[in-house]
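Me: I would like to learn how to read a structure like this one. Could you take me through it feature by feature?

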Amino acid sequence: MADKNAILAGLAEIVEEETGVETEEVQLDKSFTEDLDIDSISMMTIVVNAEEKFDVKIPDEEVKNLATVGDAVDYIANAAG
Amino acid sequence: MSKRLVITGLGATTPLGGDVKSTWDAALAGTPGAKTLEHDWVEQYQLPVTFAAEVAVEPAEVLSRPETRRMDRSTQLGMIAAREAWADAGLTDVELDGERLGVSFATGIGGVWTLLDSWDTLREKGPRRVLPMTVPMLMPNGASGAISLAFGAKAGARTAVSACASGVEALIMAMDMLRAGDVDVVLAGGTEAAIHPLPLAAFANMQALSRRNDDPAAASRPYDVDRDGFVMGEGAGALVIETQEHAEARGATVYAELAGGAVTSDAHHLTAPDPEGLGATRALRRALASADAAEGDVTHVNAHATSTPLGDVPEYTAMKSVFGSHLDSVCVSATKSQTGHLLGAAGAVESVFTVKALADRKAPVTINLENQDPQIPLDVVAGSPRELGSGPQVGICSSFGFGGHNAVAAFRSV
């Protein structure tokens, strides 16, 4: 099982890079759209960057299920095994 | 009688400086913007031309990180110039009606860095790694779209794309929007960021670029007998143009009047200028008519003057046929000698120069003019800036582009 704290930290860096939202704001219970104001194009950019960073595959049809940062961290942790 | 249009804000980021003040001070002093390129790709691809005029201030020093990631370099430069012009016009805290605000921005090539970087990504890492923002970043209307969004301009965001005539054409499109009564204010300008190995190689193969690799500072030398091509430059210029009525109502400071302008096309050759300069002649005549100006009103021309052996002569021929003997009383500045050739941004930055010249009554210098070509007996401003005198006068900015495009803007002092 991959370290979820490390995934959260890595994901927060990607989100900050793409949107300017500070890394501290990127917490497990935050909704990408409601809390972090991330649009669908930014979300796809974050997904593509996360795939590269964590060496996982996140299929397009899964992305809509990743409502919160926690959803994404869980998905990446499982996918990374 | 069409309504008077005035320029109330200026912005620029160029090889001479990161804003209008530093750029203008350098242009009056005479400052070569071209330098040897210090990128690995120059050596890697064994480029035949190893220098260019890059912006003096990297956009990443001015913009936030998400902005640099979501905008192509050309849009980044355009946004920097647009913000400066907006603030300079005193519009930062003004509530404007967005439905009466337009954008008219130009580019010659558009997001060429984004296009080619994305192609590299696709080939090296596969289609999944191609960023979703790729198309909105590379499209030529990327800058006008982003600028309209940034300032809430809802009356149309137009894009002039006519190669090296684009910058002036964008001003003329802005003029048309204002004269039609559709808008009160237009944020106009042009941007370019194409110092990439592909355009460099392609322009070099056209024999369009100077090969003076051992002395970049002396490479851009319009009107000099030893000129051997233009120097690639990058940057952006922006102007806030509004109806006089609107400017007066809000008490804005006015630099100059955008008196008129015109575009024509050569229909002669895709890349070579008409040897008689007929298209340029028609554009000049029509611009003066549009400005309700006589030939004798003109005191200063910021010429296209790219420093190519072929291009500089027909522009003189056009000026001679329009101005006749009055040409002796017109001083000409070839500022590409300093900035290099900013392609689609050239006309925007040179319009900023023309407006500043009329406002400060000083024409900027042409550098590297050591032996003036006897075929081009113009009164070129060289050595030190030229005082323009205090009377009312008209300044001209001309731009010509591949495709046979000619665009001329006429500005009147206030």
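This is a predicted model: local features need pLDDT of at least 70, side-chain atom pairs count only at pLDDT 80 or more; totals for chains, interfaces and linings use all residues.

Me: Which strand does β5(B) pair with, and in what sense?

Reply: Its partner is strand β4 (residues 101–106) of chain B. Four bridges join the two, and they run parallel. For one residue pair, look at B:S104, whose bridge partner in β5(B) is B:R158.

Me: How do I judge whether strand β1 (residues 5–13) of chain B is enclosed?

Reply: Count its buried residues. Here nine of the nine residues of β1(B) are buried, so the strand is largely enclosed by the rest of the structure.

Me: Which strands are joined to β1(B) by bridges?

Reply: One is strand β7 (residues 235–243) of chain B, which pairs with β1(B) in the antiparallel sense over eight bridges. Within that pairing, B:V6 has B:E242 of β7(B) as its bridge partner. Another is strand β8 (residues 256–265) of chain B, joined to β1(B) by two bridges and also running antiparallel.

Me: Now a single residue. Is B:A410 buried or exposed?

Reply: Count the C-beta neighbours. The cut-off for buried is 20 or more within 10 Å. B:A410 has 27 inside 10 Å, so it counts as buried. This residue lies in strand β15 (residues 405–413) of chain B.

Me: What is B:A410 in contact with, beyond its neighbours within four places in sequence?

Reply: The contacts are B:A259, B:G260, B:G261, B:A287, B:L288, B:A291, B:A293, B:V394 and B:I396. For a sense of distance, take B:L63: it is 347 residues from B:A410 in sequence, and 33 Å away in space, C-alpha to C-alpha.

Me: How is a pair of packed helices described?

Reply: Take helix α4 (residues 73–88) of chain B and helix α7 (residues 142–151) of chain B, which pack at about 40° with their axes 9 Å apart. That angle makes α4(B) oblique to α7(B). The crossing is right-handed.

Me: Which residues meet between α4(B) and α7(B)?

Reply: From α4(B) come B:S74, B:T75, B:G78, B:M79, B:A82 and B:W86. They meet B:G142, B:A143, B:A146, B:I147, B:A150 and B:F151 of α7(B). By class, the contact has eight nonpolar, four polar and no charged residues.

Me: At what angle do α1(A) and α2(A) cross?

Reply: Roughly 135°, with the axes coming within 10 Å. Therefore α1(A) is oblique to α2(A). α1(A) passes α2(A) in a right-handed crossing. The contact draws on A:I7, A:G10, A:L11, A:I14, A:V15, A:E18 and A:T19 of α1(A), and on A:S42, A:T45, A:I46, A:N49, A:A50, A:K53 and A:F54 of α2(A). These residues divide into seven nonpolar, five polar and two charged.

Me: Last, the interface. How many residues of chain A are in contact with chain B?

Reply: Ten, and they touch nine residues of chain B. The elements giving two or more residues to chain A's side are α1 (4–19) and α2 (40–54) of chain A. α2(A) gives the most, with six residues. By class, chain A's side has three nonpolar, three polar and four charged residues.

Key. Residues are numbered from 1 along each chain as its sequence is written. Chains are lettered from A and ligands numbered from 1 in the order in which they are written. Two residues are in contact if their C-beta atoms, placed from the backbone, lie within 7 Å. Ala, Val, Leu, Ile, Met, Phe, Trp, Tyr, Cys and Pro count as nonpolar, Asp, Glu, Lys and Arg as charged, and the others, Gly among them, as polar. Axes are lines fitted to C-alpha atoms, for helices over the stretch in contact, and angles run from 0 to 180 degrees between N-to-C directions. Angles under 35 degrees count as roughly parallel, over 145 as roughly antiparallel, 65 to 115 as roughly perpendicular and the rest as oblique. A crossing is left-handed if the near helix is turned anticlockwise from the far one by less than a right angle, and right-handed if clockwise. Two strands pair if DSSP finds at least two bridges between them. A residue is buried if 20 or more other C-beta atoms lie within 10 Å of its own, exposed if 12 or fewer, and partly exposed in between; C-beta atoms are placed from the backbone.
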